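Subject: Structure handover

Hi there,

Here is the structure I promised to pass on to you.

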Amino acid sequence: FLALKIANVNWQSKLNKAAHHTSDYSSTEAILRRGQAFNITLNLQTTVQSGDNFAFIASTGPSPAESQQTKAIFKLSEECASGWSATQEPSEPGCMNFTIFSPANAVIGRYKLELQIVSGNKVSSTLLGQFVLLFNPWCPNDDVYMANEKERQEYVLNDSGIIFQGLEKYIQQEAWNYGQFEEDILDISLAILDRSLNHHQDPAVDVSNRNNPIYVSRVISAMVNSNDEKGVVQGKWNGKYCSGTSPLQWSGSVTILRKWYRGRYKPVRYGQCWVFAGVMCTVLRSLGIPTRVITNFNSAHDRNINLSIDKYIDISGKTLHLTEDSVWNFHVWNESWFIRRDLGSFYDGWQVLDATPQERSKGIYQCGPASTRAIKEGDVNLDYDSSFVFAAVNADYITWIHYSSKRKERIYSDTRKIGKFISTKAVGTNSRVDVTANYKYPEGSLKERQVYKKALKLLGVRSTGKRTKITRPRRQSSVAWRQNMTQPAQKPSISGKLILDASPVIGQDILLTLALRNLISDSKTIKVKLRASAILYTRKPKAEILQLSRSIKLGSEEVKEISFKISYSQYKNSLMDDRKILVTALCEIKPGASLLVEKDIVLQDPLLTIKVLGPTVVHKAVNVQVTFTNPLSEVVTDCVLRAEGSGLLKEQLRINVARMSPMESSTVQFEIIPYKSGTRQLQVDLVCIPFSNIKGFVMLDVAPA
C-alpha cells in the first residue's frame with residue numbers, strides 16, 4: 001500500500017484572502033470566513049492510485065467531536081451532515097486542486113485540516129495544515145450578514161475610528177486606533193476566548209458555542225474587563241494612576257492587547273468606559289462581527305433599576321454619596337450587528353454590548369447583547385440586560401437637599417434629560433451621526449410615554465418584593481412616589497443661569513457669571529452658595545476648588561448678575577488628568593422653593609499641529625512634524641510625545657521632550673514608513689504632568705507602492 005506522499009500544500013493564500021476579505025491581516029496563516037469556498041493545492045511526490053478514496057477532516061478546539069460540531073469528516077463531492085464539503089478541481093499532473101466549503105454556521109476559531117486516504121482496507125491520514133475561520137458579514141446565510149458594502153467596510157474593515165466624548169453641549173472627537181489587523185491581534189482575540197470562565201468550566205461546550213455571535217460577543221464583554229477572570233483591562237475611576245497608565249493616555253487597542261498578551265494575561269492598568277469599548281470593538285471586528293462604538297451623553301447608571309436617579313446635596317450644594325445611582329457626562333459602549341434567533345427577527349440588527357464593569361449580569365460583570373429594538377420598545381424583560389441599557393437612556397433625574405435623615409427637600413433642577421445625543425462615527429467619514437432615534441421615540445411624544453409605562457410595569461416589582469407606584473404626570477417633573485417621599489418640587493419664583501464668559505483653555509483663569517431673574521413682582525432676598533469641584537466624567541467629585549456665599553436682593557422682576565472667577569492657581573492642582581469642573585449655585589429663597597443651577601466645564605487643550613512633509617507611499621519613509629505650545633506660565637519638564645497608527649507605525653513611537661519654557665512653542669520631527677495603503681489615521685499625543693495629555697490626529701491617504 002503506497003500512502004500518498006505530499007511534497008507540500010499550497011494554501012493559495014493571496015487568492016483566498018482576497019476572496020474572503022482577509023488580506024489586511026498581518027499574518028501568513030490562512031485566514032478564511034465561514035460559509036464561503038476556499039481552494040488548496042497539494043503538490044504530490046507519488047501518483048494517485050485509482051480507487052483511492054479521499055476524505056477531509058476539519059477539527060477545532062481541545063476535544064473535537066462531530067456531536068459538538070467541532071469536527072467534520074467529509075468525502076469528495078458529498079455534503080456531510082455538518083454542511084462541510086469538498087470537490088476536486090482539474091489540475092496539472094503531479095498536483096491536486098480542491099475546493100473546500102464551510103457552512104455559514106460553523107464554529108469560528110483555529111482549525112486543523114487533515115486528508116484521510118482509504119486504499120483497500122487501509123486508512124492513513126496526513127495533516128495538511130491549520131487555518132482560522134471567522135464570522136462572515138458578506139455571506140447572506142451568516143447570522144452577522146450585513147447587506148451594505150460601505151457599512152461592511154466601516155464596521156468590519158476600518159481599523160481606526162472616532163470615539164465621541166465631552167459634554168452634550170461640547171462634544172469632542174477622540175481618535176482611536178482599533179488595529180484589528182495588526183500583528184498578533186487576531187491570535188490575541190482567540191486567546192481571549194480561550195481564557196474565559198466558560199472555557200475553564202467546560203472547554204468542549206464553550207468551543208461548540210462559538211458558532212453563535214450572541215454567545216461570542218457576551219463572552220468578550222466579560223473578558224475585556226478584569227473583574228471576574230484575568231480579563232484584559234482593569235478599570236479605575238478614583239485616585240491616582242501611578243501604578244499603571246492613566247485611562248486618558250491610551251490612543252488605541254493594539255498597545256493594550258499586546259501588553260496583556262505579552263505580560264502573560266495580567267490585566268492592563270487602567271481603563272475607563274471608552275477604553276473598554278475601544279478594545280471590545282477591536283476584538284469583535286477582528287473575529288468578523290460588525291461592530292461600532294456608541295457614546296451616550298448624560299448616561300444613567302441606575303443601580304436599582306427603578307428608572308429614577310436620585311442625587312443628594314447638602315445645604316452648601318456639596319454632592320452627598322447617599323445613593324449608588326449616578327449620571328455620567330457620557331458613557332461609551334458598543335453595538336454589534338447580528339440576528340437574534342433567541343428573540344425573533346423583530347429584534348435583529350444592532351445589539352448593545354458593554355464591557356465596562358458596572359453591574360453583574362448572571363453573576364458576572366458582562367452586559368449584552370441587548371437589542372436596540374427591545375430598548376426602543378420598552379421590552380426590558382428580554383435577554384440580555386435590556387433593562388440596564390433602557391435605564392441608561394431613559395431614567396429620570398431627581399435632586400434633593402438633604403437636611404437630616406428625617407428631612408429632605410425635593411428641589412427643582414433643570415431636568416437634564418438623560419440619554420442625549422447618542423452618537424457614533426459616520427460610515428466613511430469622521431462626522432458624528434446621531435442614533436438617539438434607534439434607542440427611543442421623540443422626547444415627550446405619546447409613544448415615548450407608552451414605552452416608559454410599559455417598562456415600569458415590566459420592572460414593577462422591587463427586589464424587596466414591595467410594589468412601587470410610579471406616576472409620571474408630565475415629563476418635566478416626573479415623580480417617583482416612594483415611602484416617606486415629600487411632595488414634588490414647586491417651581492421656584494426665580495430662574496437662573498451660569499454663563500461662561502469665554503472658552504477656557506488650561507492655564508488660564510475661568511470667568512463665570514450667574515444671572516438670576518425674579519419671575520414675580522414681590523422683591524426677595526436670595527442666599528446663593530456657589531461651589532466648584534474637579535470631577536471625573538462620571539461627575540464624581542475629585543477635589544473642591546472654590547466655595548463662595550453671597551446674599552442678593554432682587555426687586556420686582558429684576559435681573560442681577562454675579563461675576564466670579566476660578567483662577568489657574570486655584571484649580572491647577574486638582575485637575576491632574578480629567579479637565580472637567582462642575583460649578584453649582586444653590587439659591588435659597590425664603591419663603592419658597594430652592595433652585596439649583598449647574599454647569600459642567602471642560603478646559604480646552606492647547607493646540608497641537610501635525611504636518612506630514614511629503615507624499616505618503618507604502619514602504620517609503622516620510623517625515624512628520626509636530627508643533628505644540630506650553631500654555632502655562634511655568635516651565636514644563638519631562639514630556640513625552642507618542643505617535644501610533646495602524647498601517648503607519650508597527651509599534652507606538654515615543655520621543656522625550658526635555659523642557660519647555662512658559663508659552664514656548666516646540667517642534668518635534670520623526671519618520672514613518674507606511675506599510676499599508678488606503679486611508680490611515682496617525683495619532684500624536686503629548687503627555688506632560690501638569691496638563692496630562694494633549695491629543696491630535698491627522699488622516700493620511702497612503703498610495704500603494
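Helix H3 (residues 185-194) and helix H7 (residues 254-262) have axes that come within 10 Å and cross at roughly 60°, and H3 and H7 are therefore oblique to each other. The axes are lines fitted to C-alpha atoms, for helices over the stretch in contact, with angles from 0 to 180 degrees between N-to-C directions. Angles under 35 degrees count as roughly parallel, over 145 as roughly antiparallel, 65 to 115 as roughly perpendicular and the rest as oblique. H3 passes H7 in a left-handed crossing (left-handed if the near helix is turned anticlockwise from the far one by less than a right angle, right-handed if clockwise). On the H3 side the contact is made by Ile185, Asp187, Ile188, Ala191 and Ile192, and on the H7 side by Val254, Leu257, Arg258, Trp260 and Tyr261; contact means heavy atoms within 4.5 Å. By class, this contact of H3 with H7 has eight nonpolar, no polar and two charged residues (Ala, Val, Leu, Ile, Met, Phe, Trp, Tyr, Cys and Pro count as nonpolar, Asp, Glu, Lys and Arg as charged, and the others, Gly among them, as polar).

Before the rest, the ground rules. This is a predicted model, where local features need pLDDT of at least 70 and side-chain atom pairs count only at pLDDT 80 or more, while totals for chains, interfaces and linings use all residues. Residues are numbered from 1 along each chain as its sequence is written, and side-chain values use heavy atoms, with hydrogens and water left out. Helices (H or I, at least four residues) and strands (E, at least two) are DSSP runs, numbered from the N terminus.

Next, H6. Eleven of the eleven residues of helix H6 (residues 213-223) are buried, so H6 is largely enclosed by the rest of the structure. Buried here means under 20% relative accessible area, exposed over 50%, and partly exposed in between (1.4 Å probe, protein chains only). At the start of H6, the backbone nitrogen of Ile214 has a side-chain oxygen of Asn212 within 2.9 Å.

H6 also pairs with helix H8 (residues 273-287): their axes come within 10 Å and cross at roughly 150°, so H6 and H8 are roughly antiparallel to each other. The crossing of H6 past H8 is right-handed. Val216, Ser217, Ile220 and Ser221 in H6 meet Met280, Val283, Leu284 and Leu287 in H8. By class, that contact of H6 with H8 has six nonpolar, two polar and no charged residues.

H8 also holds Thr282, which is buried with a relative accessible area of 0%. Leaving aside neighbours within four places in sequence, Thr282 is in contact with Tyr178, Gly179, Gln180, Ile185, Ser253 and Leu257.

Leu115 sits in strand E8 (residues 109-119) and is buried, also at a relative accessible area of 0%. Not counting residues up to four places away in sequence, Leu115 touches several residues, including Leu4, Ile6, Phe54 and Leu128.

Finally, some backbone details to check:

- A cis peptide bond joins Arg269 and Tyr270, with omega about -5°; Tyr270 is in strand E13 (residues 268-271).
- Another cis peptide bond joins Gly368 and Pro369, with omega about 0°.
- Asn298, in strand E14 (residues 291-301), has a positive phi of about 55° although it is not a glycine.

Happy exploring!

Conventions:
A polar contact is a pair of N or O atoms within 3.5 Å; within protein, one must be able to donate a hydrogen and the other to accept it, and residues adjacent in sequence count only if both atoms are side-chain atoms.
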